[in-house]
Amino acid sequence: MSHDAMPGHDGIDWGEIRRRLAERQGPEYWRSLDEVADTPEFQELLHREFPEGATEWTDPVGRRQFLQLMGASLALAGLTACSSQPSDKIVPYVRAPEEVIPGKPLFFATAVTLGGCSVGVLVESHQGRPTKIEGNPLHPGSLGATDALTQASILGLYDPDRSQVVLRTGTPSTWNAFVSGLATQLDSGTQPQGGGLRILTETVVSPTLAAQLQAVLAKFPAARWHQFEPVSRDTVRAGARLAFGETVNTIHRVEAADVIVSLGSDFLTTGPGAVRYAREFASRRRAETPATALNRLYAIEATPTLTGGMADHRLVVRPDDLESFARGLAVRLGIEVGGHSWRPTPEQAKWVDALARDLAAHRGASLVVAGDEQSPAVHLLAHAMNRALENHGRTVVFTDPIEAVPVDQGESLGQLVADMQAGKVETLLILGGNPVYTAPADVPFAEALNKVAFRAHLALYEDETSALCHWHLPEAHTLEGWSDGRAYDGTVSIQQPLIAPLYGGRTAHEVASALLSDPRSGYDIVRDYWKSQRRSGDFETVWRKALHDGLIADSALPAKVPTWKGVIPAAPSVAPQGLDLVFRPDPAVWDGRFANNGWLQELPKPLTKLTWDNAALMSPAAAERLGVQSGDVVELTFAGRRLNAPAWILPGQADGTVTLHLGYGRTQAGRAGSGIGVNAYLLRTAAAPWGGSGLTLKTTSARSRLASTQGHQTMQGRNLVRMATAEEFRKHPDFARDPGDHGAGHQPSFYPAHKYEGYAWGMAIDLNACTGCNACVMACQSENNSPVVGKAEVLVGREMHWIRVDRYYKGGLEAPETVHQPVLCMQCENAPCEPVCPVGATVHSSEGLNDMVYNRCVGTRYCSNNCPYKVRHFNFLQYADDRTPSLALLRNPNVTVRSRGVMEKCTYCVQRINEARIQAKTHDRDIQDGEVITACQAACPSQAIVFGNINDPKSRVSQLKAHPLNYGLLTELNTRPRTTYLARLRNPNPALEQG
Amino acid sequence: MATHPETGPGMPSTPIVTPGYTYASVTDKISVIVLSGTTPLSWFAGFLIAFGLLQALLLGIGWTVVFGLGTWGINIPVGWGFAIVNFVWWIGIGHAGTLISAILLLLRQQWRTSINRFAEAMTLFAVSCAGLFPLLHMGRPWFGYWMFPYPSTMAIWPQTRSPLVWDVFAVSTYATVSLLFWYVGLIPDLATLRDRAKARALKIGYGMLALGWRGSAQHWHRYETAYLLLAGLATPLVLSVHTVVSFDFATSLVPGWHTTIFPPYFVAGAIYSGFAMVLTLTIPIRWLYRLDDFITMRHLRNMANVMLATGLMVAYGYLMEIFFAWYSGNPFEMFMMLNRMTGPYGPFYWALICCNILVPQLLWSERVKANVPLLFLIALVVNVGMWLERFVIVITSLHRDFLPSAWGMYYPTWVDWAIFVGSIGLFLTMLFLFIRVLPMISIFEMRTILPSPKPRPAAAPGAGPAGD
Amino acid sequence: MAQIFHRSTNVLAKVSIFGAVFILAGIGWAVGAFVRSPYVSGVGVAVQQPVPFSHKHHVADAGIDCRYCHTSVEQSSFAGIPPTKTCMNCHAQLWADAPMLEPVRESYRTGKPIEWVRVHKVADFVYFDHSIHVKKGMACVTCHGRVDQMPLTWRVNTLYMEWCLECHRNPERFVRPREQVFSMTWTPPADQAALGKKLVAEYKIQRLESCSVCHR
Amino acid sequence: MSTAPVYGLLAEFDAPEELVAAGERAYADGYRRLDAYTPFPVHGLAEAIGFRTNRLPLLVLIAGIVGAGAGFFSQYYAAVIDYPLNVGGRPLNSWPAFIPITFEVTILAAAATAVLGMLALNGLPQPYHPVFNAPRFALATRDRFFLCIEATDPRFDSEATRKFLEGLGAKEVTDVEP
């Protein structure tokens, strides 16, 4: 055993882990996978899609592989920058698996499903342990990028708090016991045809699971299948039904749109297709030359979104005004609506006018997007406007829904609860989700649950719902089990496991097959389903290719032209009383499912920069009126229910509107997620899932400390984020440059500039493309083994993110302009941090990197003091978790884990550079442009980050640095940063500019 | 011959030593403090308090080493906190001793004679307190030896462009030279103690330290040369030390640190705080040990004058900082200065202006300088003021620098306080031990300023051998 | 007044002060020698293994190529430790029932791997890549020594940074023709200096001294 | 002729002036192997008894120069020759940054030499010395001034020398046992 080599790594059952990892060598289990890895077409594809040796596919190898040969040794992969050398053991395979070259990671294509939509990803695997998620370049919903939640989901796989054993009324049991228990329960059912059986799932986009459940319903005709998910798209579907009489899936062709109107939509960062939409949007914001025409985005919203932040014009309206505004705009576009009595403010009137003109001027090239949380009417209006503007089929495309069975989930849950209360339900299988926590406050799911004789819950965690169920079944993580799912456009991805379930989890497929009492492995279930779908041709090749590519070719749903049945009803004449309450999914923990994910908890929320908490977001004016400071606890009363929440003042929030994010205040989330934040579901009603008016707010004497990572919101008049309008750019192409500055801000110096032969790495960040979505932050944390420090440490300013997204406001507090600026190590050529280090722990590499040598660092923190960008982070305590064995499996073996007392910072992913260099050298060639892709760059949905060799004039990054918009941060200090920015452009509508 | 007390026009009436003392009586009065078997209760009281405070230091250090720097208030952006503030403060205090011994010696200021031994001791203890902090504030203090050049298996060396390495050399050199200077001064007095001690153990103890000194004319001759050379070397050294310390800040690019005026202004501040500390300590001890005859009002007055002078230089430094911030036109500098005065730490700035500039103006008045308790109070205030100055320089400059997104605040923790207070305990403990076992006034130098007992009829009172 | 000290103390005192200098210097030297001694570096200390595997026997006598067992040395950072299966390829027939090999057979039966004791280990924060060194004409023996003469394997080099730098600073002194990389017996020619220069140019060998080459 | 061999004769004086005068007379009288002992440095005394040369300043100067050289070139070696690294774009030989340490090392070497040199030239430490045998010599570190003419002096004659010393106005003249 390797205990001796691992101080503090006790309490792990090595034998067990060995067995599990050995399991994955089972022949039939891996047959498909080693084909994935080794088949010629795979190799061919790999080389077609990427320059040889591109980082996605053969990621850096490190000497750490000694330690990864067996799960047992993996815990050692948690390296530390201390100098002790324990004598340790080398534990080889007994029989080496074919596809594995010790020390070389493999990449597998799979899919991650969230909120009723799948997205294709590639997962890096080191000797059988997944360590990093990348986007799948072939997948339409990813195009190689990912969002923050997907990046962070890999932490969930290794979460030590995951449920690890089948529980029967709280006592450990077995899967087989459950299966037989279920069987007897079904036989003993009093109602005919399984009438007492109910199945509750989240939104199902897995064709296989849907087919299985249909089969179950066929077997038990009287049984019911319900779907519920707190962040559902009910209103979207309802809107579509109003417009077309049927549920359709709406796809936006953002890049085809010159003018975009967002009605409270955050389509750039959340919801199906967001990653794709961000890419398309950015492609229309890049001013290659001053003459390039940019698209124009209008945002009308009540609570600020990142999409609103990207808008050229942003109109703040009260939530219920939004529908009126949409109506007004529709009327102005000549769409006839039932009675319309709206008294717009002068500004609103001006807006309606300007928008109508602009839209009308771009028929077929405009786009109106309604937010997922907006009322069906708003969606109906959006459809109507797009139709009137002849956008259908051009910027808006319809297909059949991607949900296998689109239902109104609120209604569905309602029925289920009614049945339960009526005692009609004898057997309830909850496959995923956490309804006890997420059900609306006026839907007594928990009480009703007690009336059910047999209730089982399949979930990753032993959560609030599990506590009330007879059976708790550990669920297999996305990376542990077979499944499939549809992307925003219907494209099907096969979800294949990267590792055998660490805690013996099962998938919904396996539960369903237990119901059907045909026990098959998840692999067979999924494969057989698709085999059955295949009429002709050689299934085997198709299947293999599907696994290789991470998607089934041409499985995207065909575009259709639904017939218009829309009749726009009269505006509901409700006089809004009191304040408005708005619910939104949390940008980090979503609906609460990620509550125990430390990475996401500590991820500064894009606009508030809050971590580890949610808060009642309110406008500065309202706060002033009520005399409320950020952090003061206020008492919210809505629909007769009360909730105390800390207030947070958010510029750009509609006055009189309070926004609460879902997903906090959990009681049984795990060590990280329990008991933090406030539970917004306690105010949420079935009638008003996304909020409504009638909120009353009382101040209290209590205060709570909120950990925000950015205390100052303005640039203090400093020229940090440089901006201009497209017009000004045309007039003054070099407005972004410092006066008398040529290129990266070279100041006169007594010392001769250092020459860099060979490679000189540099980065350019396009502030026109950056939405501030945080994907880069999560990617960096995952790639570089960054620790989680906890709320207490964030409160004193010790967060450890190597890349942070600074958010500044410009203009008035009520409707300010929001700008985002990712800040990472600038890799200054005249790095101020270096000369002050007494031990030379940070010096320059021959390729111009500002190396940080953890094992030499003695921790004087002088470098950080002298860093004008404050991108260095210090391990004030032992932040890296070296005690939890499962987390050691998560580590990137090619990056040293930093120990207490050591400074750390962004290295431009030097491990990827080194691997590329070795690859290039072994093939006797140079590193090609685009061969080294940093983690942040790879993840960025809008491709705002470009990295490469600035000594190569043809490289993409060199071209960007030659761009007139290119400028360096604080170059007057003569730091000569290698990381530079492209100034931000707005493309305002002149009609709205004045005033 | 330098054996006459200073008299004549221009010299204040109060002499350096109250008349009437002889070689013998001076020798006896000073050495008895050390050699007499009885120790005053006040000494025990003081020592116990000091020793108690010292425990706080040990606790603080233990806590830091076990749990890490996270137990301090520091963060990003404020990477340096109390540790560096205390370091600079102590180093500053450590300047008075060498200054009095060396510079005043070169300037032939005889009044230094009765205070230099004591001041040098104080210097040593202050420097050893200061020396603690650079080590403590490291994230991995157990690798502190990497700062010294030695042929390591890593084949790398310290990075000597870093002011921190300059510090290492400057402070260790300063400590060594001060120690040598102090010891050389002690040798003849150790011989005296050797010859006056009754107990054999003491004879041997002091005898070994005295190196067999016997006052030979040739020895004295070389001795004085060496002493003068040391003084000549120590003078530029003492000036360099705080200059180097100021480089820690001046060579950085942090607004509020990056200033050319720092070296002179730090040195002046150092002398200022040094003399303040000497006054703070001599006044009570002079009273406790009835040393008014040797440490006369003349001494207190002179020290007060030095304080006044250096205080004004420091004030000039403050003014220049403000002026340059404005004159440079550098928005970051301007903002820093504004933030220093009106920002969250503004009160500290104004408190320091009060302590270091306003209060000491009282010293213009001869009446104040004649009022010992008041003098003591002023010295105390200046000590506090100088600590505040370092706090303001370190914290306010760091907490709001270039990117507003990265701004932060600094709040010390109990560990910070424990280590700070504890270092004072360490300082006092060493001081109490010193005055118990070694002559706190240089006996042989006192003899040099006494009138010679002419063997002619009119012998000075008390002259002649003590009856034996 | 009586003498306090005896005559001899004069000499004693002078010698002790004078000697102190040498004593300090001596201590410094001793520490330096100690950290480079086998006691710390483990150089030349044969390591006991669960199975007394002899490179001497397998390489010199049986003439097996390094790569037969260390399969990934040319493609990966890690040279590869042979799975039990590799041992059994031969030992299923040869010495099929030698008691010495029981642990191997047992591992093969039970599927429980043999836990070899690591001989060559660099600190966790050092990233070494075998493939590129082999590719650039760095021989196995250069670092691992004449394993064909080692009944039990031991370390012949300290693997200290100063040792790594010797070669990273002047590779021409150590480089050899690629085809000789796996040879145990190849000895540098008299004109290694010339050959080295030639090969360094031919293999495009860089003098990589940047920290991030090995530390990240 | 005296009986037991002595180290020398020790004459005691009350005041430094007397001692200096006596010393001058003794030297003028041709005595060469003589030394004076005082509780504090008495200016002119050493010269009076014929002690002139003092090599200490030269030693210190040399030490200082050596220190300076060592200080600078050790830094130069580390930064330019042994491991040239690009530190913040500064040239390898950033000599201005090497000055402070050069200075400190200079001072350290010079100061150490001043002290050790002084001790060495004085032949210290020397805990045992015949003059300590003189009963009243303990007062040499208090308030008495002594002149010692050693027996090894060619002109030394216990009787004549004793007379001579008493003639100088010594309060008391005693034999010093070897």
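Predicted model: local features only at pLDDT ≥ 70, side-chain atom pairs only at ≥ 80, totals over all residues.
Strands β16 (residues 454-459) and β17 of chain A run parallel and are joined by 4 bridges. Within this pairing, Leu458(A) has Leu473(A) of β17(A) as its bridge partner.

**Strand β17 of chain A**

Strand β17(A) also pairs with strand β5 (residues 167-168) of chain A, here in the antiparallel sense and through 2 bridges. In this second pairing, His472(A) of β17(A) is the bridge partner of Leu167(A). Strand β17(A), which spans residues 471-474, is covered on both faces. Trp471(A) and Leu473(A) are buried on one side, while His472(A) and Pro474(A) are buried on the other.

Chain A contains an open sheet of 3 strands in the order β2-β3-β4, with antiparallel pairing. Its edge strands are β2 (106-113) and β4 (129-135) of chain A, each of which pairs on one side only. Neighbouring strands of this sheet are turned by 35 degrees against each other on average, direction ignored. Strand β3(A), covering residues 118-126, is held to β4(A) by 6 bridges in the antiparallel sense. One of the residues involved is Val121(A), whose bridge partner in β4(A) is Gly135(A).

Chain D has an open sheet of 4 strands, arranged as β2-β3-β1-β4 and paired in the antiparallel sense. Strands β2 (34-37) and β4 (172-176) of chain D each have a single partner strand, so one side of each is left without a neighbour in the sheet. Asp35(D) stands opposite Cys148(D) of β3(D).

**A helix pair in chain B**

Two packed helices are described by the angle and the distance between their axes. In chain B, the axes of helix α6 (residues 163-196) and helix α8 (residues 217-250) come within 9 Å and cross at roughly 155 degrees. Because of this angle, α6(B) is roughly antiparallel to α8(B). The crossing of α6(B) past α8(B) is left-handed.

**Aromatic rings and charges**

Over all chains, a search of the whole structure finds 89 aromatic pairs. One of them is formed by Tyr265(B) and Tyr318(B): the ring centres are 5.7 Å apart and the planes stand at 90 degrees, so the pair is edge-to-face. Tyr265(B) belongs to helix α9 (residues 262-288) of chain B and Tyr318(B) to helix α10 (residues 297-328) of chain B, so the contact ties together parts that are 53 residues apart in sequence. Both Tyr265(B) and Tyr318(B) are buried.

Chain B also holds a cluster linked by ring pairs. Among its members are Phe82(B), Trp89(B), Trp90(B), Tyr345(B), Trp387(B) and Phe427(B).

In chain C, charged ends of arginine residues sit over aromatic rings, as listed below.

| Charged residue | Ring | Distance from charged end to ring centre |
|---|---|---|
| Arg67(C) | Phe182(C) | 3.6 Å |
| Arg178(C) | Tyr203(C) | 4.0 Å |

How values were computed: Residues numbered from 1 in each chain as written. Chains lettered and ligands numbered in written order. Heavy atoms only, no water. Phe/Tyr/Trp six-rings, centres within 6.5 Å; stacked < 30°, edge-to-face > 60°. Buried < 20%, exposed > 50% of the residue type's maximum accessible area, 1.4 Å probe, protein only. Lys NZ or Arg CZ within 6 Å of the ring centre and 35° of its normal. Pairing = 2+ DSSP bridges. Axes fitted to C-alpha atoms, helices over the stretch in contact; angles between N-to-C directions. Parallel < 35°, antiparallel > 145°, perpendicular 65-115°, else oblique. Left-handed = near helix turned anticlockwise from the far one by under 90°.
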